[in-house]
There are 2 protein chains.
Amino acid sequence: MANELYQYSIISALMDGVATGGVALSTLQERGTYGLGTFENIEGEMVMIDGAVHHLRADGSVEQATSTTKLPFAMVTRFEPTARRKTSLPDKDRIIKVGKELFPNSNNCYLALHVEATFKEMTVRAVRSQTYKGQPLSELGSTQSVHTYKDARGTVFGFQSPPFSSGISVAGGHLHFLSADRDRGGHVLALQADEAVLSGASIRMVHIELPESSEFNDAKLDLDQEGIRKIEG
Amino acid sequence: MANELYQYSIISALMDGVATGGVALSTLQERGTYGLGTFENIEGEMVMIDGAVHHLRADGSVEQATSTTKLPFAMVTRFEPTARRKTSLPDKDRIIKVGKELFPNSNNCYLALHVEATFKEMTVRAVRSQTYKGQPLSELGSTQSVHTYKDARGTVFGFQSPPFSSGISVAGGHLHFLSADRDRGGHVLALQADEAVLSGASIRMVHIELPESSEFNDAKLDLDQEGIRKIEG
């Protein structure tokens with residue numbers, strides 16, 4: 001069904017470094033058309049745009065993921081926007097603010113948010129990869145690669161997750177970027193656009209699949225809100 | 001599919017007193033065969049056993065709910081136990097402990113737990129009802145009715161929810177009771193049985209539906225872990 005969320009694993013597990021194996025890319029493509037996530041060993045960022053899954057690597061390269069790829073964390077939806085607005089975007093937070101204005105009856109729901117623009121400035125990061133099995137995501141911030149692009153045309157897609165989802169999803173906004181020519185992208189740290197088209201949908205059905213691995217089973221999964229905000233906020 | 005969890009609303013909303021309207025009983029019956037929850041205005045306790053939805057009232061009476069009934073909070077599953085053990089139950093906590101022993105690879109999953117026994121002692125409570133719209137569940141503890149039954153034959157059903165579900169589900173054990181003659185029951189506070197048959201299943205697929213009401217939209221949903229433990233633990 002349109003605008004339902006399918007999420008594989010939980011953000012606390014990724015924080016704990018649970019990143020071996022995961023959901024098959026083909027399963028994600030059955031469950032959604034737009035979404036985000038990461039790859040095995042937390043190697044780079046994933047963004048799904050119109051059914052195609054893109055692997056955004058720390059070296060700045062982008063390639064389409066193959067159908068055998070596994071993802072240890074992902075959130076996807078069959079995105080069918082139900083509201084749209086032209087807006088300027090002085091900063092990233094404005095996307096969440098406009099999203100909330102478009103869906104005033106969805107305070108305590110998830111939102112799927114989509115932005116098309118030529119961004120005057122777009123700063124993205126990509127996590128480099130775990131250097132050992134189980135390395136926590138919080139340790140990967142220091143080695144992540146950050147790129148800033150000027151006049152970058154492309155698409156931002158992501159989710160606003162409600163506060164009560166903390167530990168499961170990334171409470172607050174979580175956005176990934178892919179350029180129109182599909183050769184740049186990453187997890188959005190900052191952006192700016194004079195004119196953007198923001199569209200979105202409210203999400204009331206949430207499907208969460210928990211991993212079956214011993215790695216997930218053994219994880220402590222202590223809630224590290226500050227850590228999640230720092231690396232994913 | 002068997003042993004998937006369908007949950008309507010979140011426990012934080014119930015704590016905040018969001019209890020007008022809810023999911024139709026017929027929807028719950030499509031999604032599960034066993035489960036628990038509460039009724040509009042938090043009037044009593046719900047337990048679903050083998051597809052039948054029972055309304056356990058504070059006055060001690062039990063009746064089958066009608067198909068037009070709405071439930072502001074419920075958790076159900078198509079329960080097909082995959083493990084079983086005969087055990088004594090010196091206390092309620094033993095159910096959770098045995099459940100975890102039966103499913104050692106499900107530390108971070110939900111468990112559905114089912115117990116058949118003649119309970120030497122069974123202490124249950126039923127919440128009386130909100131006295132005004134939006135009354136928080138935490139205020140209803142003082143007026144709840146508590147009954148203790150001796151040699152009560154019947155069924156306990158409920159869920160063990162993982163710590164990270166806190167605020168969404170009731171983290172830890174949450175069990176309801178229905179007597180074999182279907183005329184007594186409630187939310188389990190304490191129990192004891194010399195010989196019980198415990199069966200269960202591990203749950204890795206969780207479907208959460210968020211209410212569309214303005215009451216849910218306006219709720220603050222601050223996480224009150226201590227409050228949830230006090231009233232639902």
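Modeller: In chain A, A:T38 stands opposite A:F73 in strand β8(A). This is a predicted model, in which local features need pLDDT of at least 70 and side-chain atom pairs count only at pLDDT 80 or more, while totals for chains, interfaces and linings use all residues. Residues are numbered from 1 along each chain as its sequence is written, and chains are lettered from A and ligands numbered from 1 in the order in which they are written.

Colleague: What makes β3 (residues 34-38) of chain A and β8(A) a pair?

Modeller: Strands, which are DSSP runs of E of at least two residues, numbered from the N terminus, pair if DSSP finds at least two bridges between them. β3 and β8(A) have five bridges and run in the antiparallel sense, so by that definition they pair. Strand β1 (residues 5-8) of chain A is also joined to β8(A), by four bridges and antiparallel, and there A:Y8 has A:A74 as its bridge partner.

Colleague: How do you know how chains A and B are related?

Modeller: Superposed by least squares on the C-alpha atoms of residues with pLDDT of at least 70 in both, chain B can be laid on chain A with an RMSD of 0.0 Å by a turn of 180° and a shift of 0.0 Å along the axis. The two copies are thus related as by a two-fold rotation axis, and in chain B the C-alpha nearest the axis is that of B:H207, 2.2 Å from it.

Colleague: Why is it said that the copies meet through the same surface?

Modeller: Because 100% of the interface residues of chain B are also interface residues in chain A, the surface is the same. Counting contacts as C-beta atoms, placed from the backbone, within 7 Å, 24 residues of chain B are in contact with 24 residues of chain A. The largest share of the side of chain B that touches chain A, five residues, comes from β14(B).

Colleague: What joins β14 (residues 205-209) of chain A to β14(B)?

Modeller: Five bridges join these strands, which run antiparallel, and A:E209 has B:M205 as its bridge partner.

Terms used: Contact = placed C-beta atoms within 7 Å.
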